[in-house]
Amino acid sequence: MAINVDIQPAVPVVIDDTKDAVVIDGLTKLFKKPRPLIRWRKKNAEQKAEKREVRAVDNVTITIKRQEIVGILGSNGSGKSTLIRILSTLLIPDSGRVTIFGYDVVKDERTVQRLINRVSVEASFFKKLSPMENLIYAARLYNMPGDEARPKIRSILGRLGIKPDRIGAPLENMSRGMQQKVAIARAFLTAPIVLLLDEPTTGLDPRSKIDVQTFVRELRDEHDATILITTHDMDEAEALCDRVAIIDQGRIVALGDALELKRAVADIMGRSELVTMHEVFMHYTAAHLITEADIERYGSWEKAFEAFEAQREDDEE
Ligand SMILES: Nc1ncnc2c1ncn2[C@@H]1O[C@H](COP(=O)(O)OP(=O)(O)OP(=O)(O)O)[C@@H](O)[C@H]1O
Ligand SMILES: [Mg+2]
């Protein structure tokens with residue numbers, strides 16, 4: 001079945017809903033590190049090249065179905081935002097491929113831009129203008145008439161807890177969390193087909209977090225949106241996401257629903273009761289700290305990990 005998407009009514013994008021929403025295949029992105037100011041000793045050419053690169057995204061493969069909410073968890077610098085930026089056509093990958101309902105993020109950039117919407121904390125706004133003015137501007141970019149946009153903007157900002165008298169006042173006088181809510185409102189204004197949320201709730205108060213989560217669910221349930229969300233909040237990941245991917249140093253190290261992951265880690269640790277999402281995160285994001293030498297020394301990866309955890313607990317005491 002084909003569906004017409006009326007984000008830009010003049011030129012509707014036809015999507016084939018029998019296709020998977022997001023297909024990421026062997027995706028890799030390298031960044032060059034800045035040159036160090038001081039050179040300690042000469043290295044061979046290969047070592048030099050390797051040291052000068054960061055594999056921000058390293059051979060990532062995942063398929064996301066229509067209407068799925070997938071969470072991406074990972075330590076600071078693990079590659080979450082880079083992945084989101086590639087999906088939203090802001091960065092070009094070095095290798096691998098991403099398609100959104102079959103449209104390639106590099107080759108069909110324009111079409112993809114009409115299907116996706118990204119929210120991040122670094123959202124660009126006109127700070128001297130009010131939330132209403134900024135959002136009316138955003139609505140125009142999507143061909144949404146002002147008369148239609150205005151009540152919608154008031155309703156969304158109201159639901160996110162922004163008081164009516166702030167809606168018309170300059171954005172620059174609002175707190176960081178309030179400005180973030182305006183960025184979130186922008187994504188919910190146009191009901192995108194694929195929504196990419198990069199830490200939308202980081203720094204928001206607990207009630208606002210729940211409000212954002214409710215919006216995300218509504219978009220999925222009422223508009224069939226597919227959502228990819230990064231978060232550092234384990235409770236949020238567990239409550240909101242159908243599946244969670246944990247990434248470490250650019251690689252997906254675990255993927256599954258929260259219960260599956262909690263069971264898997266409990267099994268590895270030999271525990272009869274389920275572990276928490278927090279423990280799942282700690283387990284998988286410490287994986288890169290275990291070396292081949294550790295595995296040889298302790299006999300298996302699991303044993304080496306246990307020793308690592310014991311050492312860490314000792315260190316903490
Ligand atoms: N434009 C860039 N130039 C060079 N290196 C970059 C660039 N953007 C990201 N990196 C590097 O790529 C790696 C992944 O960064 P990224 O921002 O994707 O991490 P993240 O998982 O989003 O982290 P956080 O949780 O802190 O938001 C880091 O080592 C970072 O320094
Ligand atoms: Mg990030």
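## Overall fold

In the protein chain, 70% of the contacts with a separation of 6 or more join residues 24 or more positions apart. The model is predicted. Its protein chain has 13 helices and 12 strands. Of the 317 residues in the chain, 34% count as buried.

## The four-stranded sheet

Four strands form an open sheet in the order S4-S3-S6-S7, with antiparallel pairing. S4 and strand S7 (103-104) stand at the edges. Each has a single partner strand, so one side of each is left without a neighbour in the sheet.

Inside the sheet, S3 and S6 pair in the antiparallel sense over 5 bridges. Val-23 has Thr-99 in S6 as its bridge partner. Thr-99 also has a bridge partner in S7, namely Asp-104. Strand S6 covers residues 95-100 and pairs with S7 over 2 bridges, again in the antiparallel sense. Ile-100 stands opposite Tyr-103 in S7. The hairpin of S6 and S7 has 2 residues between the strands. There, Phe-101 takes a positive phi near 45°.

## Helix H2 and the shell around ligand 1

Helix H2 lies across strand S3 (22-32), S4 and S6. H2 runs at about 60° to S4. H2 gives the most, with 3 residues.

The residues around ligand 1 include Phe-31, Val-54 and Ala-56. Also around ligand 1 are Gly-74, Asn-76, Gly-77, Ser-78, Gly-79, Lys-80, Ser-81 and Thr-82. By class, the shell has 3 nonpolar, 7 polar and 1 charged residues.

## Helix H11 and its buried face

Helix H11 spans residues 277-285. Met-277, Val-280, Phe-281, His-283 and Tyr-284 are buried in H11. Seen down the helix axis, these buried residues fall within an arc of 165°, so they line one face of H11. An α-helix has 3.6 residues a turn, so residues three or four places apart point the same way.

What do the buried residues of H11 pack against? Their partners include three strands: S5 (69-73), S11 (243-248) and S12 (251-256). Helices H9 (234-240) and H10 (258-269) are also among the elements they pack against.

How values were computed:
Residues are numbered from 1 along each chain as its sequence is written. Chains are lettered from A and ligands numbered from 1 in the order in which they are written. This is a predicted model: local features need pLDDT of at least 70, side-chain atom pairs count only at pLDDT 80 or more; totals for chains, interfaces and linings use all residues. A residue is buried if 20 or more other C-beta atoms lie within 10 Å of its own, exposed if 12 or fewer, and partly exposed in between; C-beta atoms are placed from the backbone. The arc is that of the directions from the helix axis to the C-beta atoms. Two residues are in contact if their C-beta atoms, placed from the backbone, lie within 7 Å. A residue is near a molecule or strand if its C-beta atom, placed from the backbone, lies within 6 Å of it. Ala, Val, Leu, Ile, Met, Phe, Trp, Tyr, Cys and Pro count as nonpolar, Asp, Glu, Lys and Arg as charged, and the others, Gly among them, as polar. Two strands pair if DSSP finds at least two bridges between them. Axes are lines fitted to C-alpha atoms, for helices over the stretch in contact, and angles run from 0 to 180 degrees between N-to-C directions.
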